[in-house]
Amino acid sequence: MTAINKKARGMSDKTSEAILIGICAIVLLLVAYPLYYVVVASFSDPYEVYAGKTFLLPSGFTLEGYKSVFLNDGIVSGFFNSVKYTVIGTIFSVVMLYITAYPLAQKDLPGRKFISLFFLITMYFGGGLVPTYLVVKQTGLVGSMWSLFLPGGVGVGNMIIVRNYFQNSIPHDLLEASRIDGCSKLRTFIKVVIPLSMPILAVMVVFSMVAYWNDWFTALIYLGGQGSPLPLVMRNILIKSSATASQASTISGGYAELNKLTELLKFCSMIVAALPMLIVYPFVQKYFEKGFMAGAVKG
């Protein structure tokens with residue numbers, strides 16, 4: 001009887017695993033195929049795409065879209081601008097998160113609840129775009145790359161995750177032991193807290209990198225066309241490639257050829273803008289998963 005129960009239980013486990021694998025495979029296809037389709041479409045003739053002939057492999061293979069993208073003078077400068085803004089912004093945001101979250105994780109901090117509430121209110125109430133722009137303008141940051149970092153230097157949601165990690169994953173006794181051994185609070189933070197918080201650090205680095213790399217609206221508002229990052233350059237390329245009577249008259253084939261090039265640019269620009277993050281993410285994925293779960297709110 002016991003053997004039969006074990007066999008039945010084993011079959012049930014295998015069935016449940018098969019169902020879970022099937023569900024995960026379906027979700028993977030639903031998530032991954034649109035991106036794969038954009039990649040395939042970027043190498044395909046737009047007319048073949050419209051006709052539904054592009055599915056798993058490129059149809060009417062062409063590199064005209066990528067040639068048009070990379071021949072643009074602003075692509076290279078936009079790429080290096082994005083790299084610069086992403087690196088500086090990520091370092092700045094992570095440093096601000098750490099020096100904000102670590103004190104709030106200390107239960108003996110005077111006014112800890114009030115300060116936490118002060119940060120929490122900013123998640124639900126804000127002045128909006130116009131007041132923020134006026135503040136940035138009055139501080140003389142318009143036209144400076146620091147306008148991309150300073151107004152939103154501390155992401156409150158991320159700060160709460162980091163604070164929870166410090167509270168739940170770093171033993172308070174370990175911090176007390178380091179202080180008894182003669183370490184100052186700053187040295188304890190540098191020598192003990194930071195090395196033990198590498199998983200959550202990786203999470204915050206990924207969050208900040210993706211946010212700064214994809215941000216084009218902030219640059220559009222504050223930089224005034226100077227030092228545009230790659231996403232903003234891509235946006236401008238797409239706008240300039242829109243079909244107008246004056247543009248169509250300068251292109252052989254008129255509106256048809258211009259519309260074809262415009263559609264290619266849409267697919268190619270998405271791939272060019274997303275590729276760097278797609279390359280970086282696999283290297284930090286294991287730290288991302290571990291740190292995010294460790295920094296979650298525990299009951």
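**Close-up views of a predicted model**

**View 1. The largest cavity has a volume of about 40 Å³.** The structure shown is a predicted model. One cavity of 30 Å³ or more turns up when the whole structure is searched. Residues lining the largest cavity are Tyr 85, Leu 148, Tyr 212, Asp 215, Ala 219 and Pro 229. Sorted by class, this lining comprises five nonpolar residues and one charged residue, with no polar residues. Asp is a residue type that counts as charged, and Asp 215 belongs to the lining of the largest cavity.

**View 2. The largest pocket holds about 700 Å³ of space.** Its lining consists of 25 residues. Leu 150, Pro 151, Gly 152, Gly 153 and Val 154 are the lining residues nearest the centre of the largest pocket. The lining of the largest pocket has 16 nonpolar and nine polar residues, and no charged residues.

**View 3. Several helices contribute to the lining of the largest pocket.** At least two lining residues come from each of α4 (73–104), α5 (112–121), α6 (129–138), α7 (156–169) and α10 (198–214). The protein chain as a whole has 14 helices and zero strands.

**View 4. The protein chain has 299 residues, of which 34% are buried.** The chain exposes about 18100 Å², and carbon and sulfur atoms supply 69% of that area. Among contacts in the protein chain with a separation of 6 or more, 70% are between residues 24 or more positions apart.

Methods
Residues are numbered from 1 along each chain as its sequence is written. This is a predicted model: local features need pLDDT of at least 70, side-chain atom pairs count only at pLDDT 80 or more; totals for chains, interfaces and linings use all residues. Side-chain values use heavy atoms; hydrogens and water are left out. On a 1 Å grid over the protein atoms alone, a cavity is a set of points where a 1.4 Å probe fits but cannot get out, and a pocket is an open set with protein on both sides within 12 Å along at least five of seven lines; lining residues have an atom within 4 Å of a point. Grid points are joined across faces, edges and corners, and a volume is the space filled by probe spheres set on the points. Helices (H or I, at least four residues) and strands (E, at least two) are DSSP runs, numbered from the N terminus. Buried means under 20% relative accessible area, exposed over 50%, partly exposed in between (1.4 Å probe, protein chains only). Contact means heavy atoms within 4.5 Å. Accessible areas come from the Shrake-Rupley method with a 1.4 Å probe; for residues, only the protein chains shown count as cover.
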